[in-house]
Structures are given as C-alpha cells and as structure tokens.
There are 2 protein chains.
Amino acid sequence: MGTAEETAGGEAQAWGEVTPDAARRLLIAAVEAFAERGYHATTTRDIAGRAGMSPAALYIHYKTKEELLHRISRIGHTKALEILRTASRREGSARERLADAVSSFVRWHAGGRTTARVVQYELDSLGPDARAEILALRRQCDDEVHGVIVDGVASGEFDVLDVKGTTLAVLSLCIDVARWFNVDGPWTPDEVGALYADLVLRMVGAGEPAPAQK
Amino acid sequence: MGTAEETAGGEAQAWGEVTPDAARRLLIAAVEAFAERGYHATTTRDIAGRAGMSPAALYIHYKTKEELLHRISRIGHTKALEILRTASRREGSARERLADAVSSFVRWHAGGRTTARVVQYELDSLGPDARAEILALRRQCDDEVHGVIVDGVASGEFDVLDVKGTTLAVLSLCIDVARWFNVDGPWTPDEVGALYADLVLRMVGAGEPAPAQK
DNA sequence: GCCGCGACTAAGCGCCCGCTCACCTTCGGC
DNA sequence: GCCGAAGGTGAGCGGGCGCTTAGTCGCGGC
C-alpha cells in the first residue's frame, strides 16, 4: 500500500469497480505516474514499482501499457459524464442547473486533479480506435452543457451571442482547472467551484441580479 | 523540407531571429513535432528528418533535445508577454485594454496553435533550471492581466468578487484555446478572439452597457 | 591550387524501453 | 497429500532511443 493510496488520496474509492485488487493497485499507480510525468515519459517499470510489484506483473492484468491509459480514460470520462448529467437533468431553472453542473464539474477536476489531468490531457496518446471511443463520451459531455445553455436561452434566463462558442468556452474553462489547480493555489475545490459557477453565470448573461459580498 | 514551412504556415516568420538557417529549420521542425506528438514521444531522428537533415546534424546547433524545447519555450513566452504588454499598457480604459489583451492573446493561441501548444503544455518536460526561467516569464504574463483587472476594479469599471481568482480564470480560458482550436471548429482566430473578449468582459462585470438586464 | 575550417553525414555505442518466458509459489477441491 | 490453475517473479530479448565520433564535403583566403 503506501504511495499509491497516499497520493491519490480520497480519489481511490473511485476505482472500486476495478478488480482484482492487484489490477486496481496497478491502475492507481498508473494514474499517478501518468499525471506526474505524462504517458510517454512513464515506464512500465515505474508503474509496477509504485504498485509494489515486479515489471512483469503488469502484463498479467493488462495487455499493454496503452490498455491502462484506455481503461483510465474510459472510467474517468464516464464519471465526468455522470456528474454533468446529474446536474443538467435535475429539476430547477437553467440558471440553477448550469451553476450546479459547473461547480460539481470543477470540484471534480480540482479535487481529483491527478485523475482529471490524465483523462483530459493524455487522450492523444491513445490509438485511433480507443481515442474514437473516448471522444464519443466527451461529445456527450459537451451535449449536456450545451443543452442547459440552450434551455436558458429559450427561457430567456440567459443572454448569449454564440451558443456553441460559449458552450465550448465554459467547458474549456472547467477542464483547464486540471492543469493549474494546486500549484500553490490557496483555494479549495469548493471555493474554485463556487467562483467558477459565478463566472460562468456572468458569461451567459445571468449574473447575480444583486451582487452579494461575502 | 517542405513539410516544416507548410504546417507552420505563417508562423514561420516568428522564428526569424533564429540563425543560421539550418538551426531555424530544425527549430521549426521541432515545434511541429512537439505540438503533434508531445515532447517525449518525439525523437531526435524525427526532428532532423522533418528538417531534411541527418540525425547528427541536430547536435551541431543544439546541445540536447531539451535545449530545443527550452529555446522554443523562451521565444514563445517572450512573444506572448510582448502581446499582453502592448495591450495592457496602451492608452484607454481598463475595459478597452482588457478586451484588447484577451482578443490578441487568443488570436495568438488560435492562429499559432502549433507554437502555443508546445509553449503552454510541454513546460513540465524542461529541467528545473529551464522551467524556473520560463515560469518567471509566465508570472510576468499573469501580472499584466492582473494589473488591468485591478485598474478596472479601482476605477469602478469592473465588478469582481475575487480578483486573483478571476485573473487566473481569464488566463486559463485564453490558454486552453491552444488545446481545442481547429479541431473541426468553424471559427477563425479573429472570431474566437472577439467572442472571448466579450465573454471576459462579462466575467469582470463590464459586459456591454446597453443589453437587456432583466 | 591547396589548405583550413565549419557544416554535415554514416555508422554505431551504450542504455533502457515495452514486453516475454521459464519457472516458482500459494491455495481450494477432492 | 497431491494437483492444477491463478498470480507472481528474475532474467533477458529485440529494438529504438539520445547522443558521439571519425571522416567527407564545399568553399573563402592566399
């Protein structure tokens, strides 16, 4: 145990679905290593070492190093999609749903920065087939946000010049959190989530009617 | 031979300061390759090949592969800083200066996406000393944007909850353009620049004065 | 005309990569 | 108590990596 669980921290539970235990430990070690150094700069020996196993053990549970990245990407994107769906399809105004979607999506990127970084930035290292599969998931994420913004425009809650462009900008803003978060930043994931929800509401022309100070 | 100039397109002129000619061709080839596949996945043989030279030729002009990345990063960040400085220190209201800074910064990331991608995303592949040098340049970029936002808040043009957080979000939004731009997007760099300037003004509470506030 | 010198190449060194293979446990079923 | 499968190991293969070296080539100076 040790290193893997320590660094991954509370994220570890997210990988509960992965069995057996050794396969999960390897996956968590890979997430860490990929996040720290990038996919190509990570060696299979490093991954196995972090999981406390010999280099050869990796190939009992995974066919190749790329399969590890593929599995991580799929699980991560599925989780991200689930987060966005929950927020965007709940009851409430478009304003509430967008704020909820952004704050929870950002919390996920900030809190699980290790995972999010791999999921969002190492996609190009996948082969064509795997990448296509993951891109389909990502497009579904885009659609959820797009839907909420369309709803808000239709209901008159939002005032947006370019719906597609604004959707892209909102997603881009959230995703990039995985790049910069926790580099000596004095914010908690909750704080960033709240700040970003406010910023995004302003972007869609639904800023607080009466700006409240804290 | 051709490949380098073709892909780099109009960006090529930006490397005019690099001499002699062979060194410049190698640098442009490296920018391309790093942008496409990432630093670690790029081989020195690939770089030399794109420049139409033998693998050994690279080492006449550069000590290591890392020196190429270092040089690219420094030139790119210097250019980015120059763009932000020009906009943020010109005459005009904070509103005008921020809109100018964002639109020109975004135009640079979109138009020179090849270069910007390397500059913004391959930084972690540098050694500690080189990275520290580049991070200092980046901090200066942050300061320029921060200054304009502080000015706007002081003059009452802007209404911002968290100045530091908003500064970071604005920069993050602009930088992430390098990640997604031109993946089948129907926008020109100018269009994205204009859209983003509008979005950022909304974020700082200085959206278009006229439009319908409900 | 030949020389020196910087630009460039062909060949290849030593290393470490992703991955494999022959073998060694451990353990539930009978 | 013995057996076979599942899970793990140590040693190492083929190959491609970053980088070096010995030597070739083109060319301005005298």
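This is a predicted model: local features need pLDDT of at least 70, side-chain atom pairs count only at pLDDT 80 or more; totals for chains, interfaces and linings use all residues.

Biologist: What makes a residue count as near DNA strand D, and which are the closest?

Modeller: The C-beta atom of the residue must lie within 6 Å of the strand. By that rule 16 residues surround DNA strand D, and the closest are Ser54(A), Ala56(A), Ala57(A), Thr43(B) and Thr64(B).

Biologist: Why is Lys79(A) called partly exposed?

Modeller: Lys79(A) has 16 other C-beta atoms within 10 Å. A buried residue needs 20 or more, and an exposed one has 12 or fewer. The value for Lys79(A) lies in between, and therefore Lys79(A) is called partly exposed.

Biologist: Where does Lys79(A) lie in chain A?

Modeller: Lys79(A) belongs to helix H5, which covers residues 65-88 of chain A. A UniProt record, an unreviewed entry, also places the feature "domain: HTH tetR-type" at residues 20-80 of chain A. That span is 72% helix and 0% strand, and its end C-alpha atoms lie 24 Å apart.

Biologist: How do you know that the length of H5(A) is close to what is expected of a helix?

Modeller: H5(A) has 24 residues, and at 1.5 Å a residue the expected span is 34 Å. From the first C-alpha to the last, H5(A) reaches 35 Å, which is close to that value.

Biologist: Which residues of H5(A) are buried, and what covers them?

Modeller: Among the buried residues of H5(A) are Leu69(A), Ile72(A), Ser73(A), Gly76(A), His77(A) and Ala80(A). Their cover includes helices H2 (21-37), H6 (94-111), H7 (113-121) and H8 (128-154) of chain A. An α-helix has 3.6 residues a turn, so residues three or four places apart point the same way.

Biologist: How many residues are in contact, and which helix supplies the largest share on chain A?

Modeller: Here 24 residues of chain A are in contact with 25 residues of chain B. The largest share of the side of chain A that touches chain B comes from H9(A), with seven residues. By class, that side has 13 nonpolar, six polar and five charged residues.

Definitions and conventions. Residues are numbered from 1 along each chain as its sequence is written. Chains are lettered from A and ligands numbered from 1 in the order in which they are written. Helices (H or I, at least four residues) and strands (E, at least two) are DSSP runs, numbered from the N terminus. Two residues are in contact if their C-beta atoms, placed from the backbone, lie within 7 Å. Ala, Val, Leu, Ile, Met, Phe, Trp, Tyr, Cys and Pro count as nonpolar, Asp, Glu, Lys and Arg as charged, and the others, Gly among them, as polar. UniProt positions are given in the numbering used here, feature names are shortened, and annotations may be inferred rather than shown by experiment. The expected span of a helix is 1.5 Å times one less than its number of residues.
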